[in-house]
Structures are given as structure tokens and as C-alpha cells.
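Trainee: I would like to learn how to read strand pairing and helix packing from a model. Could you take me through it step by step?

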Amino acid sequence: MALQLSSELVRQVLEAAPDAMVVVDASGTILFANRQVERVFGYPSAELVGQCVDNLLPERFRGRHPGHRRQFGADGRFRPMGAGLELFARRRDGTEFPVEISLSPIEDADRILVAAAIRDVTDRKRIQSELIAAREIADRANLAKSRFLATASHDLRQPLQALALLNGTLHRMTNDAGLTEALQQQDRAIGAMSRLLNALLDISKLESGAIKPEPTDFTVAALLEELRAEFAALAANKGLELQVELCADHVYCDRSLVEQILRNLVSNAIKYTRRGVVRLRCLHETAAVRVQVLDTGIGIASGELPYIYDEFYQVGVAANSVREGFGLGLSIVHRLVKLLDLNLEVQSEVGKGSVFTLDLPPGSGGAVRKHIESPARAAAANVQSAQRPHVLLVEDDPAVLAATRMLLKVDGYRVTTAGSLIEAEEHARENPDIRALVTDYHLGAERTGTEVIASLRSILDPKLRAILVTGDTSRAIKELPPDEGVRVISKPVDVEELLALLRALTTA
């Protein structure tokens with residue numbers, strides 16, 4: 001029985017609909033099917049009229065369908081069918097495909113009919129599946145990058161760690177001027193290797209998303225004062241004046257990442273300034289605190305400005321010439337600025353210098369994070385040459401273990417070594433006079449230095465002082481709980497900083 005529409009216009013509208021449209025009665029009999037039905041299902045529309053709508057469903061759904069029709073008849077309002085469910089339809093050739101179905105009630109004399117709009121969503125589902133698969137691949141790739149970075153941060157730094165420690169030991173064992181000069185050159189080479197490795201790992205971490213900003217409220221003045229203390233000697237050695245203007249502003253951002261940005265900018269300014277001044281200052285504006293790094297250096301030509309953030313690009317330096325640095329500092333700056341969603345501007349004139357301006361969001365001036373003085377700097381005044389106490393050294397890399405042991409013995413410490421947590425516990429029970437612990441963070445069998453510290457404190461002294469040495473720069477290290485008796489030092493270790501920390505801990 002064909003549906004007698006009251007208006008030819010209604011029929012034309014249904015025929016022109018972009019989706020397959022069928023009209024069924026309460027028993028499920030198809031009264032009307034538009035021309036799109038043949039495209040979607042493979043049935044000529046005239047062939048479907050008079051058949052049960054269940055023929056358009058996979059067999060596994062047909063048993064429940066009469067109940068759905070009765071429920072809709074009782075409800076009688078427009079709604080999508082199977083919201084939140086995976087719906088499928090069946091073509092004339094028996095193949096199935098995913099669909100979306102919208103149901104609308106139609107009043108026809110004394111009966112309620114149902115108009116069903118059926119849309120083939122095969123392409124959309126395929127795209128969704130491809131997106132999900134691509135996201136899973138990307139997640140696995142990021143996880144692999146994170147694992148690589150964790151491994152690289154530890155394993156690539158280990159040889160540098162051993163070299164730096166051996167270099168520091170040899171410095172203390174010789175008075176020969178020629179050998180001292182050779183060791184100084186070796187020390188500079190180790191420092192250059194370390195800076196390059198750190199820069200490459202920083203870039204890799206930024207690209208992999210391993211670095212997550214942790215904004216806090218802090219004062220710009222404290223940060224600029226740190227930079228003054230860090231770079232004053234370097235500037236003075238080049239005959240430059242490092243000027244730091246007072247700044248009382250508070251800003252809200254990730255302090256350590258902002259510090260890294262400004263450190264790279266100041267380092268570059270000193271590197272490319274032959275005479276004159278490097279200046280740090282603040283400009284006070286309503287919407288932002290503008291921190292500027294100015295120099296009277298060689299400047300940057302306008303044609304080179306678009307390239308200064310590229311990896312390994314250095315202003316005025318040919319690719320195959322001798323370099324000072326690696327051209328990675330501004331690349332890291334660019335990535336950090338993007339990560340923090342900040343604005344960085346540069347103005348420069350050849351022969352007159354450059355100005356880099358970093359816009360920071362203003363802070364509330366409230367809970368300012370207290371800055372802790374560098375342990376090495378604080379310890380410098382406490383250096384004592386008296387007999388050193390007994391130190392337990394825990395390190396699973398034999399080369400680093402041997403190099404650190406030599407350094408500590410030359411500096412006067414009695415040293416006991418261990419390559420694992422179990423061995424460290426045995427030495428602790430046999431040597432109750434151990435007064436300090438130096439331990440690597442990542443040890444074999446997935447053990448950590450924090451476990452070593454906790455275990456040895458339970459054996460020796462709950463207040464046992466310890467130095468935790470690590471090449472790990474992940475959140476795990478940043479989120480270690482505060483401990484007054486523990487100092488964390490990063491690889492490759494600066495020999496003087498390590499010894500100063502140990503002296504401070506053992507004389508406190």
C-alpha cells in the first residue's frame with residue numbers, strides 16, 4: 001500500500017533529501033522510500049514499498065526492533081535512534097555498514113507514522129578510526145622519545161661524568177705547569193661537550209612534550225640578581241660591564257623556564273659583544289612586565305633576523321668555520337617562548353647592538369616562591385681542610401665509580417664504594433662510622449638513589465646527609481619531596497660544586 005501524500009511538495013522535499021528516507025507505519029511496513037535509498041541500500045525504492053523495514057537491518061538486530069518501534073510510538077517525538085550506540089544497516093547484497101538514524105513522527109489522519117532519515121557514516125567512521133590509530137602511534141612515539149631521553153640523559157652523561165671527575169682529580173695531583181695547562185684545555189673541551197649535550201637534550205625534550213610548565217608567582221629582581229652572580233665574572237673577563245637594573249615587579253610564569261630563556265639571552269649577549277655593556281632591565285606596563293637584555297655587540301643584519309632561531313645558525317659565522325658555541329641557544333629560547341605562550345621581540349642594528357624583549361604576565365605579588373641560595377655558593381665559605389669523614393659512594397657505572405672514588409680520596413675522604421643497594425646496605429652495617437652518602441639516582445634493577453638514602457638512614461642514622469647525583473631531568477626529579485639533608489646535583493658534575501656540597505654536608 002503506497003502512502004498517499006497530501007502534498008506533492010512534501011514528496012518532492014523527501015525525494016530531494018540528501019539522506020536515505022523511509023516512512024513506516026506502526027507495524028514496520030515501509031510506505032515510502034526516496035531515491036537515495038537505492039544509492040545507500042541497493043534496493044530500488046519501488047521494491048521496498050510494502051516490505052518490512054527489518055529487511056534493512058542485520059539479522060542480529062531484528063529481534064529487538066519491534067520493541068523499539070513500539071517505544072517510539074508511545075513517545076512520539078523527534079530524536080536520534082540509538083544515541084551513543086553503534087548502529088548498522090544491511091544492503092541488498094548482505095553487506096553491513098555503520099549508520100546514523102534520525103526519527104520523526106508524522107501525523108496522518110488517525111495514525112502516527114515514522115519518517116526515518118538514514119545516513120551512511122562509513123567514511124566518517126573510517127576517518128575516526130584512522131585518527132585514533134594515528135593518535136595511538138603518536139602516543140607510542142612520544143613514549144619512546146621520553147624513554148630515549150631518560151636513557152640519554154643518564155647514559156650519555158656517564159662518560160662525561162667520568163672525564164670531569166678524572167680531570168678534577170688530576171688537577172689536585174699535579175704541580176707541573178705543562179700538565180696543568182693541558183688539563184685546563186681538557187676541562188674546556190669537557191665543558192663544551194657537556195653544553196652541547198645539554199642543549200641537544202633540551203631541544204629533544206621540548207619537541208617531545210616532556211617539559212610541562214609549572215607557573216608560580218615570583219619577583220623578577222631575584223631572578224636578575226641570580227643572572228648577575230652567574231655572569232658577572234664572565235663579562236668581566238671579556239672587559240664588559242654587566243649592568244642589572246632594579247625591578248620590583250612580580251610575574252606569573254614558570255620560573256625555571258624563564259630563567260633558562262634569560263640565561264641563554266645573556267650568554268649570547270656576552271658572546272657577541274666585544275666591548276661596552278650588557279644590560280638587564282624591566283619596563284613596567286599594564287598588560288605585561290617587559291624584561292630586556294640589551295648589548296652593545298656586533299648586531300644582527302635585518303636579513304639574518306628571520307634565521308636566528310634556527311638550529312646551529314650563528315650570526316656572521318660560516319657553516320664550515322671555527323665556532324664559539326653551537327648556535328642552539330636561541331633555538332631553545334624560541335621553543336621555550338612558544339611553550340610558555342610568551343612574546344619575544346628583537347631589535348638590532350649592525351655594529352651597534354641588539355635588544356631582546358621578553359613579555360611576562362604580571363603576578364599578584366602574593367605567594368612568592370622563596371629562592372634558595374645555591375648550595376655550592378653557600379658552602380664556599382665553609383671549606384675546611386681538616387680530616388674528612390667516612391663517605392659511602394654508591395654508583396653502578398664502574399668508570400664513574402672509580403673516578404669519583406679517586407676524586408674523594410685525593411680530597412682527603414675515607415671512601416667505601418658500592419655498586420648496588422644490597423651492597424650499600426652491607427657496607428652500612430659493617431661501617432657504622434659512615435657520615436655521608438653520595439649516590440647515583442638511577443641504579444641497576446630499577447633501584448633509585450632515594451631508596452638507598454631511605455634504607456641507609458634506617459641502618460645508620462635517620463639524619464644521614466646525602467648527595468643525589470643525577471642526569472635525569474624529568475618531573476620525577478623536580479617532584480622529589482624536600483629534604484634538608486639531601487642535595488641534588490646534575491650530571492656531568494662540576495667537581496668544585498660536588499666537593500663544596502660534600503664539605504657543607506659533613507661540617508654542618
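Mentor: Let us begin with the term itself: two strands are said to pair if DSSP finds at least two bridges between them. Keep in mind that this is a predicted model. With that cut-off in hand, strand β14 (residues 390–394) and strand β16 (residues 434–440) pair in the parallel sense, over five bridges.

Trainee: Which residue in β16 stands opposite Leu392?

Mentor: Leu392 has Leu437 opposite it in β16. As a general idea, side chains in a regular strand alternate between the two faces of the sheet.

Trainee: In what order do the strands of the open sheet lie, and is the pairing parallel or antiparallel?

Mentor: Five strands make up this open sheet, in the order β15-β14-β16-β17-β18, and their pairing is parallel. At the edges lie β15 (414–418) and β18 (486–490), each of which pairs on one side only. From one strand to the next, the twist averages 20°.

Trainee: How many residues lie between β10 and β11 in their hairpin?

Mentor: Four residues lie between β10 and β11 in the hairpin that they form. β10 and strand β11 (residues 289–295) pair in the antiparallel sense over seven bridges, and within that pairing Leu280 has Val293 of β11 as its bridge partner. β10 (residues 277–284) is also joined to strand β8 (residues 241–244) by four bridges, and these two strands run parallel; there, Gln243 has Arg279 of β10 as its bridge partner.

Trainee: How many helices and strands does the chain have, and what share of its residues is buried?

Mentor: The secondary structure of the chain comes to 17 helices and 18 strands. For burial one needs a threshold, namely under 20% relative accessible area, and 42% of the 508 residues in the chain are buried. The accessible surface of the chain comes to about 26,900 Å², of which 53% belongs to carbon and sulfur atoms. Finally, among contacts in the chain with a separation of 6 or more, 64% are between residues 24 or more positions apart.

Methods. Residues are numbered from 1 along each chain as its sequence is written. This is a predicted model: local features need pLDDT of at least 70, side-chain atom pairs count only at pLDDT 80 or more; totals for chains, interfaces and linings use all residues. Side-chain values use heavy atoms; hydrogens and water are left out. Axes are lines fitted to C-alpha atoms, for helices over the stretch in contact, and angles run from 0 to 180 degrees between N-to-C directions. Buried means under 20% relative accessible area, exposed over 50%, partly exposed in between (1.4 Å probe, protein chains only). Contact means heavy atoms within 4.5 Å. Accessible areas come from the Shrake-Rupley method with a 1.4 Å probe; for residues, only the protein chains shown count as cover.
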